[in-house]
Amino acid sequence: LYRLINVDSCTSKLCNAKAHFKNDRERSNAIVNCLRGQGMDIHYLEVNPSVFVVRGDLPEPYQTCFKEEPLKPVRKFLGFDSTNIEYVFNNGNKSDSPYDILRYGPYHCQGPIEVGVYYTEARYQRVFRKIDKLITSSSLNNVKFEYEILSDLDVLHQGNNVKIAIVSSNMFDENELSETKLRSYYNGVSLLQLIDGDKLYKNYSGNADQRSLKYTAANILSSIYFRSGCIPFYVSIPGNDDIPHKALYVGIGIRRLNDKYVKGIAVLMTSLGRVLGYVDEDFEISGSKSLEFNEKEINEFNEKILEHINQYTQNTGMKPELLVVLRSRRFHEKEVDAILGNKLINTFRRLWLRRSINTLVPRLLLMSASKTDYNFGEEVAAFVPSTNRENSGAWLVQLRRFKRAVQLQWDCINCSKELPLIVYMYTRALHFTSLSLSRTIPFPITLARNYLKWKIGSRYEAKEYLWMNI
């Protein structure tokens, strides 16, 4: 990571020409194009065009034009890193791994859970019974499996209990499966888990690797609890600032369909991972050349979010102290201005002022989380402030098991620069349907994306998203 210095003289030196540029971004584009032409792998950051990422070392002639911005351990910024995050299970049992749900049972759950397992081939059932045995061997996991041959997809969205369908990926039409998945949603969560039977059989028939089998069983168990309305585990973040647990989260899914842009499906989620509802109306735009919300969409988006927030506060009597809006694609400036400046944040202020005249105004965080091609190492991060906005910037962060770094670009009201990084680490850990430490996408974004995929069906060539990762 390098910052451009001696800007005027170095621009001429780097590009071997004198030029006048309208802004920093135009200058940085010219520098990148020139150096790429000399074989360098170089990029600049949109949030701050004077900061560049270079793969490998800078050639000696250019070293005087840049100052290295070394990444630091995450612990240096926060006082902790992802290895200090704890997962709390039944009876307050704690672990540094979400996979211990198989050992300790869920954080909160009422009554026994009956799960219907539907299969199309007997060999699928035989293999799944290995997972069944691992789950039900512990009395803390009050789950019971009932098996039945699947002959009709309609049975998969009937009733209000969780169902697992183990079928061949080529047996049913993708449109039918997407429609079945969509119809299985109940109280904001799909009650149906699809498993590719051929993959399951290949991986776990015969003398299967027991460690891998336990990981798969833990993933399935956590998913079952989540779909049943339980809380699989509580994510404990070190430090005195408990803001992540006092927030409401909005995840936005954005997908492209041929010449159409599906502008967004949003899911509203509590800090414990409970889904409050979806915003999915009037977000599919035909003929648009941009993936960003226009003014009309912003207003509709905020109105629907407000409806859910007001309903939540009326039902619970709880006032959120932070609203986090997450998406994988970065927010453009007009979106930031529209959201931060409209009645969404004003409504939050009003809620707080009713509680106490001395209470601080609430916080609003808009953040995107996107994968990069950069590999900086594990448990390291760098903060890059925005050049043209206050309370705005980006984090480059690479946690343990990450193959590449993630870029967090954010705008905020009443936030420290550390809060976006803490929120990211929290929402990434709060992932009930994928326990892998290599996951990089926050859970609210995953929920929104998945719902969007089922809404669109095979028009997105969604086959790869239909199945649980086994």
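In what order do the 4 strands of the open antiparallel sheet formed by β1, β2, β3 and β4 stand? In this predicted model, the order is β2-β3-β1-β4, and the pairing is antiparallel. Strands β2 (42-45) and β4 (66-68) stand at the edges with a single partner strand each, so one side of each has no neighbour in the sheet. From one strand to the next, the twist averages 35°. Within this sheet, β1 (residues 2-4) and β3 (residues 48-54) are joined in the antiparallel sense by 2 bridges, and Y2 stands opposite F52 in β3. Helix α2 (residues 24-36) packs on the sheet and touches β1, β2, β3 and β4. The direction of α2 makes about 170° with that of β2.

Another open sheet of 4 strands shows parallel pairing, in the order β9-β8-β10-β13. Its edge strands are β9 (143-149) and β13 (192-196), each of which pairs on one side only. Neighbouring strands are turned against each other by 20° on average, with direction ignored. Strands β8 (residues 113-119) and β10 (residues 163-167) run parallel and are joined by 4 bridges; V117 stands opposite I164 in β10. Helix α5 (residues 122-136) packs on this sheet, where it touches β8, β9, β10 and β13. The direction of α5 makes about 175° with that of β9. Helix α8 (residues 210-227) also packs on the sheet and touches β8, β9, β10 and β13, with a direction at about 155° to that of β13.

The packing of α5 extends to a further helix. Two packed helices are described by the angle between their axes and the distance between the axes. For α5 and α7 (residues 197-204), the angle is about 60° and the axes are 9 Å apart. At this angle α5 is oblique to α7. The crossing by which α5 passes α7 is left-handed. On the side of α5, the contact is made by R123, Y124, V127, F128, K130 and I131. Helix α7 contributes G197, D198, L200, Y201 and Y204. By class, the contact of α5 with α7 has 7 nonpolar, 1 polar and 3 charged residues.

Helix α6 (residues 174-183) has several buried residues, namely L177, S178, T180, K181 and L182. The elements that cover the buried residues of α6 include β11 (185-186), β12 (189-190), β13, α8 and α13 (443-456).

Strand β22 (residues 392-398) is mostly covered, with 7 of its 7 residues buried. In a regular strand the side chains alternate between the two faces of the sheet. In β22, S392, A394, L396 and Q398 point one way, whereas G393, W395 and V397 point the other way, and all are buried. Strand β21 (residues 380-385) pairs with β22 in the antiparallel sense over 6 bridges, and F383 stands opposite W395 in β22. The hairpin of β21 and β22 has 6 residues between the strands, and N391 there takes a positive phi near 50°. Strand β23 (residues 406-413) also pairs with β22 in the antiparallel sense, over 6 bridges. Residue A394 has Q409 of β23 as its bridge partner.

Two further buried positions were examined. S82 is found in the loop between α3 (74-78) and β6 (86-88). With a relative accessible area of 5%, S82 falls under the 20% cut-off and is therefore buried. Apart from residues up to four places away in sequence, S82 touches E379, L399, R400 and M425.

T270 lies in strand β16 (residues 260-270). Its relative accessible area is 9%, so T270 is buried as well. Leaving aside residues up to four places away in sequence, T270 touches A247, L248, Y249, L276 and Y312. The C-alpha atoms of T270 and H245 are separated by 8.4 Å, the two residues being 25 residues apart along the chain.

Terms used
Residues numbered from 1 in each chain as written. Predicted model: local features only at pLDDT ≥ 70, side-chain atom pairs only at ≥ 80, totals over all residues. Heavy atoms only, no water. Pairing = 2+ DSSP bridges. Axes fitted to C-alpha atoms, helices over the stretch in contact; angles between N-to-C directions. Contact = heavy atoms within 4.5 Å. Parallel < 35°, antiparallel > 145°, perpendicular 65-115°, else oblique. Left-handed = near helix turned anticlockwise from the far one by under 90°. Nonpolar A, V, L, I, M, F, W, Y, C, P; charged D, E, K, R; others polar. Buried < 20%, exposed > 50% of the residue type's maximum accessible area, 1.4 Å probe, protein only.
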